[in-house]
Amino acid sequence: MKSLLFICACAFAFTWAYSPQRGARVIGGSTVVTGQFPFVAAIHISTSQGRYFCGGTLISNQWVVTAAQCAQDAVLFSIQLGSHTLTKDDSNRVTVASSEYFIHPDFNPDTLENDIALIELRLPVEFSNYLLAIHSLAQEPLNTSSAVIVTGWGQTSDADSALSENLQFVRVTTLSNEECRLTYGNQIYDTMVCVDGNYNEGSCNGDTGGPLINVVSMGNAQLVGVASFVSGNGCESTDPSGYTRVYPYVGWIKNVTGLAF
């Protein structure tokens, strides 16, 4: 049975029960074009132990979904929206700060069950062609063998620990939980979903918290998952990467945010 590697993107790596590492990247991805994924957030997290990086998804003008492991022990979030680059000059970039977050009450950092959190922005952001909320949240269980999209600024190879300057995306396919358990055993819970690419594509360090996207139709991108873990064998291994399913948590998201989906 393979071990899970926690992928909450970060400034440094450290080991937990499953040799976890804060952070994850997109392996085998392509650079997005301006405005292609206007709902993807770059989140810089400050804690008492250091600074970390994660992805997230804007679901309204004042709320971001990310992984619970990204929000745990956070003191401050600096969130970049509206830009597919991290540091290059971009007039479309909006940077906001927040210290308000809600971790799912049943999150288990040892098993990564219920690895989902919400960040509330201090003020609503103004939408533009480059900064928009994702169109919808998953309203039903995700089918096996669905074609979905992974995005993130995480590492692009195991040999290079640096984040990508440009947002990457790659198309992957969802697996059944039974198939994923062939790799990870009973570490896979029903609230998780695994994905696999044709050539080892998937998440890596720095991608944690970022979206798994299902394009339902033209103009309807649906958030179906939140990046949570990769294999302890490395991001470039043939082992699948794992996400928290969004569908089981829509009720909780509605209760916390007051939003209707």
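Mentor: Start with a term: a polar contact is a pair of N or O atoms within 3.5 Å, where, within protein, one must be able to donate a hydrogen and the other to accept it, and residues adjacent in sequence count only if both atoms are side-chain atoms. Keep in mind too that this is a predicted model.

Trainee: With which side chain does the side chain of S231 make a polar contact?

Mentor: S231 has its place in strand β15, residues 220-231. At 1% relative accessibility, S231 counts as buried. A polar atom of its side chain lies 3.0 Å from the backbone nitrogen of N233. The side chain of S231 also makes a polar contact, at 2.7 Å, with the side chain of D239.

Trainee: How many helices and strands does the chain have?

Mentor: The chain has 261 residues, and buried residues make up 58% of them. Its accessible surface comes to about 10,600 Å², with 47% of that belonging to carbon and sulfur atoms. As for the elements, the count is 3 helices and 16 strands.

Trainee: Of the contacts with a separation of 6 or more, what percentage comes from residues 24 or more positions apart?

Mentor: A contact here means heavy atoms within 4.5 Å. Among the contacts in the chain with a separation of 6 or more, residues 24 or more positions apart account for 69%.

Trainee: How many disulfides are there?

Mentor: A disulfide is a covalent bond between the sulfur atoms of two cysteines. C54 and C70 form one, with their sulfur atoms 2.1 Å apart. C180 and C194 form another, with their sulfur atoms 1.9 Å apart. The count comes to 2.

Trainee: Is the disulfide of C54 and C70 left-handed or right-handed?

Mentor: C54 sits in strand β4 (residues 50-58) and C70 in helix α1 (residues 68-71), so the pair links distant parts of the chain, 16 residues apart. Both C54 and C70 are buried. The torsion about their S-S bond is about -85°, so this disulfide is left-handed.

Trainee: Which parts does the pair C180 and C194 tie together?

Mentor: The link of C180 and C194 has -65° about the S-S bond and is left-handed. C180 is buried, with a relative accessible area of 0%, and C194 counts as buried at 0% as well. The pair ties together parts that are 14 residues apart in sequence, because C180 lies in helix α2 (residues 177-184) and C194 in strand β13.

Trainee: What separates the C-alpha atoms of N177 and C194?

Mentor: N177 lies in helix α2 and is buried, with a relative accessible area of 7%. Leaving aside neighbours within four places in sequence, its contacts include M192, V193 and R245. N177 and C194 are 17 residues apart along the chain, and the separation of their C-alpha atoms is 7.0 Å.

Trainee: In which loop is L112 found?

Mentor: L112 has a positive phi, near 65°, and is a residue other than glycine. L112 is buried, with a relative accessible area of 0%. N114 has a positive phi of about 60° and is not a glycine; N114 is in the loop between β8 and β9. L112 is found in the loop between β8 (100-103) and β9 (117-120).

Methods:
Residues are numbered from 1 along each chain as its sequence is written. This is a predicted model: local features need pLDDT of at least 70, side-chain atom pairs count only at pLDDT 80 or more; totals for chains, interfaces and linings use all residues. Side-chain values use heavy atoms; hydrogens and water are left out. A disulfide is a pair of cysteine sulfur atoms within 2.5 Å. Helices (H or I, at least four residues) and strands (E, at least two) are DSSP runs, numbered from the N terminus. Buried means under 20% relative accessible area, exposed over 50%, partly exposed in between (1.4 Å probe, protein chains only). Accessible areas come from the Shrake-Rupley method with a 1.4 Å probe; for residues, only the protein chains shown count as cover.
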